[in-house]
Amino acid sequence: MSYDYEKVEMPGDGQKIEVVDEDNDELDVPETPIIPIVHGDGIGTDVGPAAQTVLEAAANATGRDIAWMRVFAGESAREKYDENLPDDTVTAIDEHRVAIKGPLTTPVGAGFRSLNVALRQTLDFYSNVRPTYYLDGVPSPMKAPEEMDMITFRENTEDVYAGIEWEAGTEEVKKVRNFVEEEMGFGETMHDGPIGIGIKPITEFGSKRLVRKAIDYAIEHDRDKVTLVGKGNIMKFTEGQFTEWGMEVAQEEYDDEEVFAAPDSLWEERDDIDVPEDAVMVEERLADAMLQWIQLRTDEFSVLAMPNLNGDYLSDAAGAQIGGLGIAPGANFGDARVLAEPVHGSAPKHAGQDKANPTAMILSGRLMFDYMGWDDAADLVRDAVEETISSGTVTYDLERQLADAEKLSTTEYTAAIVEHIEKLA
Ligand code: NAD
């Protein structure tokens, strides 16, 4: 091992996952891979160990094992290293390629960058992926929640999240205003008085690699459609450009039989289009309209690809349709690397009480398994979670929405899932 870890206990056995081909995301996964895990802050102390237990059970049930490498970020790192994101952790995730983390608290106040954003940017996890599908038995506000089976690819490194912004009252913001008004000729556009300004960078490179990931996913997972979601009618040179570049990827980088780029009009009825059999259709939709379409025509959407801010809003809205934060999984992908993490945060008020719902982190682990090619273990995790919930044994957040459910602690719920894994295997 090239890097000398300062305060990490290396697992006794286990091998490193190696990269066969970075461009094609191809990994060589041993029978007992070393997988770094960050339990996380707040309820991370409950859901982190729970996810570890369930994932290990699914690996064992399919004839494999996991050599966990516990690493630290956030509060636990401050205690151990006196810093938020130690090099040990970044290097472990970097060199082992596949890792999972629980939620991290972003302390409110000046000088704290979000650790999650820092990790995603440092290791170039450029696409945030969130599958949104209905699990039998989960309470939902929708009439037909089972129609939802979507996966969102959210660009993770640019857009207004790039952090290029200036606070009202500063010298910098005055300079930027002056530049925009005087040199760029937007003199009459902004109101007088204090102003905050941010920049929304969207690059061809960032847009195309994200859309490519979404299309490749659709092809590999037999999905029939990729919808590019932007607000290009208003933000022509950023979001409009995103969808245009995305369409170029569809048109220029794949065979017509494999990927069909739908004609350019955003408004056109799609029903009459003749799509080659088995081809993935790539289409564009406006972001605001999509927030209603996912509710009104849920089953028409499959894979969605979009810039950072749209992705943030849309995936939360979609998540609410199928049961909310406690069960929403996610993962960050780069080239031949994945960092799985639940969508929810550290919910500090519920921390350490053995009551939080670990489903989101467990299902994030399922995404990680899927990426490793452990499809049978991934299916087992999903099926066992579904069996547990549909038999009415759930954590407090779901129990209070269900008529006849039994409320379990995090530990009891975890044990119930493991039991189902053993039964189903
Ligand atoms: P949150 O997701 O932590 O909690 C919001 C509410 O959702 C909770 O009060 C709880 O009622 C419910 N909830 C969330 N997860 C649950 C679970 N597993 N089981 C049961 N109920 C659950 O959002 P927040 O309160 O806005 O953020 C708290 C902290 O988490 C902040 O510091 C924020 O920056 C951080 N955060 C981290 C991540 C991440 O690590 N990726 C994501 C979002 C927020």
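Mentor: Start with a cut-off. Buried means under 20% relative accessible area, exposed means over 50%, and partly exposed lies in between (1.4 Å probe, protein chains only). This is a predicted model, where local features need pLDDT of at least 70, side-chain atom pairs count only at pLDDT 80 or more, and totals for chains, interfaces and linings use all residues. Residues are numbered from 1 along each chain as its sequence is written, and side-chain values use heavy atoms, with hydrogens and water left out.

Now the pairs. A salt bridge puts a side-chain nitrogen of Lys or Arg within 4 Å of a carboxyl oxygen of Asp or Glu. The whole structure holds 23 of them.

Take Asp 94 and Arg 337. Their closest N and O atoms are 2.9 Å apart. Asp 94 lies in helix α3 (residues 87–96) and Arg 337 in strand β15 (residues 337–340), so this bridge ties together parts 243 residues apart in sequence. Helices (H or I, at least four residues) and strands (E, at least two) are DSSP runs, numbered from the N terminus. Arg 337 is buried at 8% relative accessibility. Asp 94 is partly exposed at 32%.

Next, Arg 154 bridges to Asp 312, with 3.6 Å between the closest N and O atoms. Here too distant parts of the chain are linked: Arg 154 is in strand β7 (residues 149–155), Asp 312 in helix α9 (residues 308–321), 158 residues apart. Arg 154 is buried, at 5%.

Lys 208 and Glu 204 also pair, at 2.9 Å between the closest N and O atoms. They are 4 residues apart in helix α6 (residues 204–220), so about one helical turn separates them. Lys 208 is buried at 10%; Glu 204 is partly exposed at 37%.
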